Amino acid sequence: MSKSDFRSGAVDSVAKLHSPPGVAAAPVDMSYFSEDVFNDCAMRKYLPEAVAAKLLATVNDGVALDPAIAADVAHAMKHWALDRGATHFTHWFLPLNGSTAEKHDSFLELENNQAIMSFSGKNLIMSEPDASSFPSGGLRSTFEARGYTAWDPTSPAFIKRHSNGATLCIPTAFCSYTGETLDKKTPLLRSNQALSKAVKRLMKCFNLPDEQVVITLGAEQEYFLIDKHFYLHRPDLLQTGRTLFGAPPAKHQQLEDHYFGSIKSRVLSFMTEVETELWKLGIPAKTRHNEGAPAQFELAPIFENVNLAVDHNMLVMEVLRQVADRHSLVCLLHEKPFAGVNGSGKHNNWSVNYGDLKLLKPGNNPEQNAIFLTVLCGIIQAVDLHSDILRASVAGAGNDHRLGANEAPPAIISIYVGEQLNEVIEQLEKGTTGVGRKMGKMQIGVDTLPLLPRDAADRNRTSPFAFTGNKFEFRAPGSSQCCAGPMMILNTIVADSLDKIAAELEGFSGKDFNKKLQKLLQNIIKTHKRVLFHGDNYTASWRKEAARRGLPNAESTLEALEAFSNPENIELFARHGVFTAKEMESRHEVFGEEYRRKICIEGQVGLEIVRSMIIPAVTAEYSSALTALNAAKTAGLTAGIEGLSKTAQLLGEGLDAMVAKCALLEQELNGDGRDILALLNSLRDTVDSLELMVADSRWPLPKYREMLFVY
């Protein structure tokens, strides 16, 4: 059977799928929400009252964990898990490879040759996975295998189900035998602590009582869905997550008819099952819709505590993949799986609360507004001073294809605050009195619709870091990335900025305090306003303007990662206890090596596909054209000779070009590898042009028109 037969068979299989019959909607029952989470309710049910109170104080109020309760918690957690059908437990953690990790152990123990189910406080608090087999950036050598996972009680344990059972998953931190962090959770927790301290210090300057600081995150997850039959016949998708070759179809997203369009029944069935699975895990999935590109979609949750939100987003990606497989679909989380159409991001909506006070929401009185403007100016200062490391937090091989295209923010980090806030900032800088322009009601011109209150700012979807009412939306993170990295960086640089402001304000009170604050904020705005931009970030003119302002523009991952070696950044993260200098160095090495390995894999896969699949198909087409040309000449025909000759010539030139480019790519793969991506892109140009010439029945790879529209 030819490859084209597989393609046509895949199309036929999708065509034969029947939409599920419409049924009457059942009454809404959300009693299963969080049923697979060891949450407040489960704690109170399974734990002694005093132990539950202590654990909940740690989870909800940030009180230090009492290690004496570990045995009771482990005992209760085991019984809860057994009641839920779990036979095994695992310490679930976030290693530096950007994924999740788990090693399963059963509850089984032998006592007097009798099987019992046991789970101790020691099992709960700590485990020992092999640290040498995970990326460490030199923190661990191959022969130094010992590493530890440590229970994170602020992120609740949960049950992961499979077809034959279930596993108790305990969120943990991961560190080496010598104490260095080997994961993405530990630095995030450290940064939360650093920002909490800085916020409390600043609020004390405003004479506010001590309150808990809560940092929140809402991660909007974009993804593609394609039919599994097509995916299995695309070696590039299987090995790299993106299509290395593929000519764009005549119609893709130009008509803008997919965004927010009616959701196909097969996809809606998938989305419904995803939501059910997420709700069981206590993940508050809220929004679902078609995205801008064909076959692209989005899922967005309700905001949560940033640590929990990060864990939940990692589970969201896993559930998306698993449920897609059950529907004979494949969920693609790569930032740019298809050239020529929008890639996928993961907008991180970040905010900070101090008790009941939302620090990024303008208040109803002068004091609250003063606090809001102080925090806002602190963030502006932080992003301007440390945009290099903020850019580095979203660096990656996949995101390089997305950042800067007409679909995502560029690699230049700027801030959008909206016209009304910008006016207030300008007045503050000039020291003028008065209030910003009043934004009244917005009449939308339809009599049957009510008047809508106009937001203080429009949305700027081209800005990498935009204020959107009571939060900042960091739009640069890629769809496959773990949110822990960007949030850890953002927390730390803002903590540093707020610390500097608090240091200037401490010791002042009354009118002196107000004068000092006014002058301080004026200076911050004058010094750092260059990072504010309210236009179209996609334009070439902005790149020129940004260069004139002196804003950094690290266009590639390897260039961006140099920020981890910046002595000022190393000192900043060490000062706030988020990273040691050695841990910063390890991240630079790990992320750089990950990038180089991914590019090398892409080059090797591309070379294999062209030599084993594309060249044979083009050779067959070339041979067919020559046979037809010779037959026409033998028959003494003149019609068609020119067309056949030109076709054969173009196919032959394409063959020559592919063979030559493959040789150059192979040479580069065996060399320093610096130009792999450029050579692969050049090879792609040739392959994609030949796709439009070779008979459809001969082309071995599923085409874009099939993958993007047949699902």
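Is Glu621 buried or exposed? Glu621 is buried, at a relative accessible area of 14%, where buried means under 20%, exposed over 50% and partly exposed in between (1.4 Å probe, protein chains only).

A note before the views: this is a predicted model, in which local features need pLDDT of at least 70 and side-chain atom pairs count only at pLDDT 80 or more, while totals for chains, interfaces and linings use all residues. Residues are numbered from 1 along each chain as its sequence is written, and side-chain values use heavy atoms, with hydrogens and water left out.

**View A. Arg698 and Glu621 meet in a salt bridge.** The side chains pair up at 2.6 Å, N to O; a salt bridge here is a side-chain nitrogen of Lys or Arg within 4 Å of a carboxyl oxygen of Asp or Glu. Arg698 sits in the loop between α22 (676–691) and α23 (704–709) and Glu621 in helix α20, so the contact ties together parts that are 77 residues apart in sequence. Helices (H or I, at least four residues) and strands (E, at least two) are DSSP runs, numbered from the N terminus. While Glu621 is buried, Arg698 is partly exposed at 32% relative accessible area.

**View B. Glu666 pairs with Arg611 in a salt bridge.** Here the N to O distance is 3.2 Å. This pair links distant parts of the chain, 55 residues apart: Glu666 belongs to helix α21 (residues 641–669) and Arg611 to helix α20 (residues 581–634). Glu666 is partly exposed, with a relative accessible area of 33%, and Arg611 is partly exposed too, at 37%.

**View C. Lys516 and Glu504 form a salt bridge.** Their side chains meet at 3.2 Å, N to O. Lys516 is in helix α16 (residues 510–528) and Glu504 in helix α15 (residues 484–505), so the pair ties together parts 12 residues apart in sequence. Both ends are partly exposed: Lys516 has a relative accessible area of 24%, and Glu504 has 38%.

**View D. Glu35, Asp36, Arg84 and Arg161 make a salt-bridge network.** Across the whole structure, the count of salt bridges is 39.

View E. For Cys205, the nearest cysteine sulfur is that of Cys377, 15 Å away. Cys205 is buried, with a relative accessible area of 9%. The sulfur of Cys662 has its closest cysteine sulfur in Cys600, at 15 Å, which is too far for a bond. Cys662 is buried as well, at 1%.

Notes:
Disulfide = S-S within 2.5 Å.
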